[in-house]
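Take a walk through this structure with the sequence at hand.

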Amino acid sequence: ALYVEKLFDDTKVHMLDIQIDEDEWESLIENAMQKEYIACDVVIDGERFNNVALRTKGNTSLSTVSAMDSERFSFKIEFDHYEDKTYHGLDKLSLNNTSMDATYLKDYLTYHMMNEIGIAAPLTSFIDITVNGEDFGLYLAVEGVEEAFIERNYGTAKGNLYKPEGTGVGGGRGGADGE
């Protein structure tokens, strides 16, 4: 898939600008624990994608960031939430804040090692995020374990995808969203 070469080329830091109404952004941040989708546009490495869905993500990390009274949440982007479209074949993208990893490398290296030894794991790259042109920080872009991931790894998007139920450990809400 083309998204592999475009977004998960880890020889550079990619750029992502979330373009969103300021009131919508403030509502998303203020109500982060609700994980509700809002519509926005994103510009990835200069290429614009209109009307995509954005929400906060995580369980323990979401609770931790919220408790710290920070705005540095992890996010999920769904390119296909409102319309039948993708980012060059990618349907879902996670933007991980790496808040529990001062090195920014633990998830990146783990996923890369898993892929190197033949275990199906999400692709990753570093991405610098801005919101309406204002700096928001360095994140880890992670391929969503959804249809595009399954097709890339197994040659078809048909079949079952299982996600574990949350345990509620660490202050997370639990639930079946696998985050």
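Phe75 is buried, at 0% relative accessible area (buried means under 20%, with a 1.4 Å probe and protein chains only). This is a predicted model: local features need pLDDT of at least 70, side-chain atom pairs count only at pLDDT 80 or more, and totals for chains, interfaces and linings use all residues. Residues are numbered from 1 along each chain as its sequence is written, and side-chain values use heavy atoms, leaving out hydrogens and water.

Phe75 forms a tilted aromatic pair with Trp25, 5.7 Å centre to centre and 35° between the planes. Rings of Phe, Tyr and Trp (its six-membered ring) pair if their centres lie within 6.5 Å; planes under 30 degrees apart are stacked, over 60 edge-to-face, the rest tilted. Trp25 lies in helix α2 and Phe75 in strand β4, so the pair ties together parts 50 residues apart in sequence. Helices (H or I, at least four residues) and strands (E, at least two) are DSSP runs, numbered from the N terminus. Trp25 is buried too, at 4%.

Tyr139 is buried at 0% relative accessibility, and Phe136 at 17%. Trp25, Phe75, Phe136 and Tyr139 form one aromatic cluster.

Ser74 is buried, with a relative accessible area of 4%.

Conventions
Buried means under 20% relative accessible area, exposed over 50%, partly exposed in between (1.4 Å probe, protein chains only).
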